[in-house]
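Thanks for coming, everyone. Let me put the structure up, and then I'll walk you through it.

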Amino acid sequence: MGFLLELVRIVVLMMLIGAALSALMRQIYVYLGFDSVNGWLLGVAIYLVLFVMYRNKWQFSGWYKGKGREKLPRRFTIGLILCSIILAVTAPFVK
């Protein structure tokens, strides 16, 4: 039962926080003068950050207490965050 509750929690976290971050980033791009943004690149960038946050923080406060609960390696975390930043920066320039 804990596994199903954790899946629902993941979906809700990803949808709510992902939508909020997407709206925030789009407003920042509008403020900076960009009229269109590649939604796919921005979405991947946001979900990479959310994946890192889940694996390094949020999974330890959930309902699932089974095996495989460990943080991502530091180098992998840094690599994912850098990829996310690169995708977010290039999103307004790629049509």
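The protein chain has three helices and zero strands. From the N terminus on, the elements run α-α-α. Helices here are DSSP runs of H or I with at least four residues, strands are runs of E with at least two, and both are numbered from the N terminus.

A word on the source. This is a predicted model, where local features need pLDDT of at least 70, side-chain atom pairs count only at pLDDT 80 or more, and totals for chains, interfaces and linings use all residues. Residues are numbered from 1 along each chain as its sequence is written, and side-chain values use heavy atoms, with hydrogens and water left out.

The C-alpha atoms of the protein chain fill a box of roughly 45 × 30 × 20 Å, taken along the principal axes. Of the 95 residues, 25% are buried. Buried means under 20% relative accessible area, exposed means over 50%, and partly exposed is in between, with a 1.4 Å probe and protein chains only.

Next, helix H1. Tyr31 lies in this helix, which covers residues 2-31. Is Tyr31 buried or exposed? It counts as exposed, because its relative accessibility is 73%. Val12 sits 19 residues from Tyr31 along the chain, and their C-alpha atoms are separated by 28 Å.

How many salt bridges does the structure hold? One. Glu6 pairs with Arg9, and the closest N and O atoms are 2.8 Å apart. The term means a side-chain nitrogen of Lys or Arg within 4 Å of a carboxyl oxygen of Asp or Glu. Glu6 and Arg9 are three residues apart in helix H1, so about one helical turn separates them. Both Glu6 and Arg9 are buried.

On to the largest pocket. It holds about 160 Å³ of space. A pocket is an open set of points on a 1 Å grid over the protein atoms alone, where a 1.4 Å probe fits, with protein on both sides within 12 Å along at least five of seven lines; lining residues have an atom within 4 Å of a point. The volume is the space filled by probe spheres set on the points, which are joined across faces, edges and corners. Which residues line the largest pocket? Among them are Glu6, Leu7, Tyr54 and Arg69. H1 gives the largest share of that lining, four residues.

Last, Leu7. Leu7 lies in helix H1. At 38% relative accessibility, Leu7 counts as partly exposed.
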